[in-house]
Amino acid sequence: MLREIQKKPVRRVVGMMSGTSVDGVDAAVVEIGGSAGEPQVKLLAFENQPYPPAVREQIFALFRRETATVDKVGYMNFLLGELYAQSALSAIRKAGLRPEDIDVIGSHGQTIWHEPSPCGKDGYPIRYTVQIGEGSVIAARTGIPTVSDFRVADMAVGGQGAPLVPFSEYLLYRREKETILLQNIGGIGNMTVLPAAAKPEEVYAFDTGPGNMIIDAVVTALSEGRQTFDEGGRLGAGGRVDPELLAQLQQEPYYTRPLPKTTGRELFGEQYTARILEWRRTHPLSDADLVATVTDLTAWSIVDAYERYVHQRYHASEIVVGGGGRYNQTLLGFLKRRFAPRGVAVRTQEDLGWSSDAKEAVAFALLADCCVRERPNTLPSVTGAREAAVMGKLSLPAGREATCI
């Protein structure tokens, strides 16, 4: 079966992604053709299936050491497998296809813990990561071979297991005569640097810091849960940035940490937001001003990252923004204001004819396609790994005869 997939000039693949914002499952159905170095990707369908509120609440409990018990992790691993399978089947129907028309599914899963720095405990330089959403359940429910748990293979060879999307960005976005930046703003912000006419080893990427995570958490707290994000950036648009709070938040050591670096909810999660809200209790600030300030923090962190890690080597012509943050018009406005003096244009995925919503799901479709074709799907220059790995664990549906890859 797998050898047959490898021989196909065009494969149909479902890519699925659930990010640090924990807003649901993104599923993209794509056709992949072309060559290994220059794939041709056509988006056939995309949709987001929000997590049920009770499930979202249970996932958030897994981000805390004191509530992430092994029974809860195991249960959620299988429950998310069921939800991802439903999402894949729904997207396939939306594309006007049947499950048997699909060659493979690539599912990132839901990250509940990511520790990219070696701890050195017990005499081994252990890095570890945990993504849940059981691939075997997805394969069993859909009847489609499923690739999941991508990050661990990179970490096994000394990488940080992140970011992974730059691999697909290099294949799809690189230009011969311009250096461009690709900025995803999900829960965490991450930047990919594509130098003009870049070779794979010249690409680098890193997490810039918080994306929507702090904005979402502040809005959720201020509204007592009635809102979970600042839709369109409307609340932040009515406020003014507080320079004192912004200056304090800019002192976070992560911003000056050397590359490669990644971060997540372990740093910028609930405990970080709690400190911001505690500061506000002794410093009168309107809700709108607080949201405006943390929104500008995200914009500042992106521009600071460009100045600190890119500008001395390359001058970028533009930064292309994707992810949920692309819809926050206040955030985009802050970015444009901060990048304008540097001669960097701010554009969106839609300006280039792509989809901000589907971008990461498409990336995991490409990663899965490479896995079943036995091709490395990492950029060691990005993750810090000693060598490129073939990432992903393959789950086969019951009753299918497998040819080992």
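Start by selecting D23, which sits in the loop between β1 and β2; helices (H or I, at least four residues) and strands (E, at least two) are DSSP runs, numbered from the N terminus. A quick word before going on: this is a predicted model, where local features need pLDDT of at least 70, side-chain atom pairs count only at pLDDT 80 or more, and totals for chains, interfaces and linings use all residues. Residues are numbered from 1 along each chain as its sequence is written, and side-chain values use heavy atoms, with hydrogens and water left out.

Show what surrounds D23 and you'll find N48, P50, Y51 and R56 in contact, not counting residues up to four places away in sequence; contact means heavy atoms within 4.5 Å.

Now click on S21, which is in the loop between β1 and β2 as well. S21 is buried, at 16% relative accessible area. Leaving aside neighbours within four places in sequence, S21 is in contact with R56, F60, G186, G187, N212, D216 and R265.

Colour the stretch G19, T20, S21, V22, D23, G24, V25 and D26: an unreviewed UniProt entry gives these residues the feature "binding site". UniProt positions are in the numbering used here, feature names are shortened, and annotations may be inferred rather than shown by experiment. Of these residues, T20 and S21 are included in the lining of the second largest pocket. (On a 1 Å grid over the protein atoms alone, a pocket is an open set of points where a 1.4 Å probe fits, with protein on both sides within 12 Å along at least five of seven lines; lining residues have an atom within 4 Å of a point.)

**Into the core**

Next, select V30, V147, F150, L194, V203, F364 and L367. Of the 39 residues in the largest nonpolar core, these touch the most other members. A nonpolar core here is a set of buried Ala, Val, Leu, Ile, Met, Phe, Trp, Tyr and Cys residues joined through side-chain atoms within 4.5 Å. Elements that give two or more residues to this core are α1 (2–7), β1 (11–18), β2 (24–34), α6 (166–173), β7 (180–185) and α14 (359–372). Which one gives the most? That's α14, with 11 residues.

Zoom in on V147. Leaving aside neighbours within four places in sequence, its contacts include V104, I105, A368, C371, M391 and L394. Apart from this core lies another, of 27 residues, with L83, A88, I92 and I102 among them.

**Rings and a helix**

Select Y254, Y255, F268, Y272 and W300: ring pairs link them into a cluster. Rings of Phe, Tyr and Trp (its six-membered ring) pair if their centres lie within 6.5 Å; planes under 30 degrees apart count as stacked, over 60 as edge-to-face and the rest as tilted. That rule gives 10 aromatic pairs. Y254 lies in the loop between α9 (243–249) and α10 (265–268), and F268 in helix α10, so the pair ties together parts that are 14 residues apart in sequence. Y254 is buried, at 0% relative accessible area, and F268 is buried at 0% too.

Now pick out α12, residues 287–309. Its 23 residues should span 33 Å at 1.5 Å a residue, and the end C-alpha atoms are 33 Å apart, which agrees; the expected span is 1.5 Å times one less than the number of residues. Of those 23 residues, 20 are buried, so α12 is largely enclosed by the rest of the structure.

Most residues other than glycine have a negative phi, and most peptide bonds are trans. Check the A162 to P163 bond, which is cis with omega near -15 degrees. L259 and P260 are joined by a cis bond as well, with omega about -5 degrees; P260 is in the loop between α9 and α10.

Finish at D122, not a glycine but with a positive phi of about 65 degrees. You'll find D122 in the loop between β4 (104–115) and β5 (128–132), where D122 is exposed at 66% relative accessible area.

Key: Buried < 20%, exposed > 50% of the residue type's maximum accessible area, 1.4 Å probe, protein only.
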